[in-house]
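Let's walk through this model together, one part at a time. Keep the view open as you read.

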Amino acid sequence: MKRISPEQMTDQVTIDMRGVSRRFGAQLAVDGVDLALRAGECVGLVGHNGAGKSTMIKMMLGLVRPDSGVVRVLGEDPSAGHGVASRRALGYLPENVALHPALTGAETLAFYARLKGRPLSENASLLRRVGIEGAASRRVGTYSKGMRQRLGLAQALLGNPRALLLDEPTSGLDPALRQSFYEIIRALRREGAAILLSSHALAELEGQVDRVVVMNRGRKVADGRVSDLRRLAAMPPRIRFLPDGSGPSDPGAWSRIAGGRLERACGEDDVAAILRGLPQSARDIEILRPSLDDLYAAFQKEAE
Amino acid sequence: MRQILIIVGKEWRDGLRNRWLVATTTLLAVLALTLGFLGSAPTGAVKVSALSVTIVSLSSLTIFLVPLMALLLSYDAIVGEIDRGTMALLLAYPVARWQVVLGKFAGHLAILLFATVIGYGVAGVAVQWTQGGESGAWAAFALLIATSVLLGGVFVAIGYFVSASVGDRGTAGGVAIGVWLFFVLIYDMALLGGLVADQGRNLTAQALNVLLLLNPADVYRLLNLATANDVGVFAGVAGLSAHAGLAPVTLICALLAWIVAPLAAAILLFSRRQV
């Protein structure tokens, strides 16, 4: 795991956690975790339920004070004093966001905008951005789960936050909504926000995040780009194809799998050569790379 | 200050939306009007102001009703928001925990203030207008409204204390009802029982004073039933205070202390609490 020297962590590092631990009763929820979140970076925080993801996010918000270690958000300790400056610069979407059912969508957003000291003039465009401008004057109690989640995202986006902390943001969203959700996130990242996405549905983070941090029982077990993690986990790509009837009688390096297909694992550098060596009659050629879920399972096993 | 006002505004709007404001105001107005017109019927014989009689009956009603309303309004305020998850989001904003508690307190107090002033005010005006009487009772009536709001504030603060100290909403509700029973019913019964059993041997007037000040409902009773002479005639039990010799200022300070102490304790507990 790469450590950042103090010289490097100037204003570039938006959120910095070092050696952070937190215990709840007998349970060590977070155990000596280092984590840096830089501007314009989108990091996936993955782990089982109870791996310590939410606790880490709450420590960044100053809602939970670490027992040991240091948390800095824009250079400020978020749990000291009111943590006002750091919280003004953060956007937070809690897991299963709960909002006041008696208020309308527009009133909810206005309430939070006032708390953040933002002009209310931005709100209409925010509601449009998350696609619930049509329901703005309805009470939140009448909203569907997807609409509540959108409104939750809208409040997290108030005031162009420097860092967005999204706890299981897409759980319970339908696929179309999920896509528009990630589009918004990509746009924010282009604008230079640091984004932390916690999730246990890894497959959908693929292609959305620059870096993945894997948590297991409060410890960080992996941290890096998806391709680095693949190498670290020593999970090589596999090539599969369906030979025609007259295919190689001696499969050699290939092993037979269901459906009469052949499969072999190989190094990343050999993929092209092997593909060129396939007979003309080969059909149904596939290159399988371990998905995030496979990687995750490998790291979890390693940690246990 | 700004953050507190934002939360006050939100609580007020919540109160409007969930009909609390309308319900409490209507309830107080209807009961006050009923008591005002039915209860003041016998005034013809004893030649006192109908409003004075209304004050006596209204303050008895208030002792039961306002603490109950205040506790129902407040027991859920902290633990409920934590349970539902709205508190975590709120505290992720640049707002301190004491600001949240004070903002909620001011908002809930505003709801009680509105309900009491309008509910009792309507009844007071109606009684005075239809039945007449000397205007001196107005001061006592104003005192009734002001102290009723204070009494409400006391139990809102106690409700927050309960809400900040227990683990879930169900427990908070149960404890709140227990608090209400204790201060409104059990305490006085126990005190009277004690006085009767003691026959004045050990319980000095001094000790009685302290015991009365230890229950905000009694403080309220003393304030309203004994301070105004005309009203005191009907006060019965609360005539105690004539001997007790507690000045109205002392009583009002006691009520204020009963607001400040639980509120401060609630803020302290909430600050240490895991959200």
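How much area is buried between chain B and chain A, and what share of it do carbon and sulfur atoms give? About 2,500 Å² is buried between the two chains, with 62% coming from carbon and sulfur atoms; buried area here is the accessible area (1.4 Å probe) that two parts lose on being put together, summed over both. Arg17(B), Leu89(B) and Tyr93(B) supply 27% of what chain B buries against chain A, more than any other three residues.

Before going further, a word on the ground rules. This is a predicted model, in which local features need pLDDT of at least 70 and side-chain atom pairs count only at pLDDT 80 or more, while totals for chains, interfaces and linings use all residues. Residues are numbered from 1 along each chain as its sequence is written, chains are lettered from A and ligands numbered from 1 in the order in which they are written, and side-chain values use heavy atoms, with hydrogens and water left out.

Back at the interface, 26 residues of chain B and 29 residues of chain A take part in the contact (heavy atoms within 4.5 Å). The rule finds 2 salt bridges across it, a salt bridge being a side-chain nitrogen of Lys or Arg within 4 Å of a carboxyl oxygen of Asp or Glu. Look for the salt bridge between the side chains of Arg13(B) and Glu107(A), at 3.7 Å from N to O. On the chain B side, the elements that give two or more residues are α1 (2–17), α5 (79–84), α6 (86–91) and α7 (97–131); helices are DSSP runs (H or I, at least four residues) and strands are runs of E (at least two), numbered from the N terminus. Of these, α1(B) gives the most, with 8 residues.

Now take chain B by itself. Chain B has 14 helices and 0 strands. Of its 275 residues, 52% are buried, where buried means under 20% relative accessible area, exposed over 50%, and partly exposed in between (1.4 Å probe, protein chains only). Among its contacts between residues at least 6 apart in sequence, 83% join residues at least 24 apart.

Finally, turn to two loops of chain A. Asn160(A), in the loop between α5 (145–156) and β6 (163–167), has a positive phi of about 40° although it is not a glycine. Asn160(A) counts as exposed, at 54% relative accessibility. Arg217(A) sits in the loop between β8 (211–216) and β9 (219–224), and its phi is near 45°, again positive in a residue other than glycine. Arg217(A) is exposed too, with a relative accessible area of 61%.
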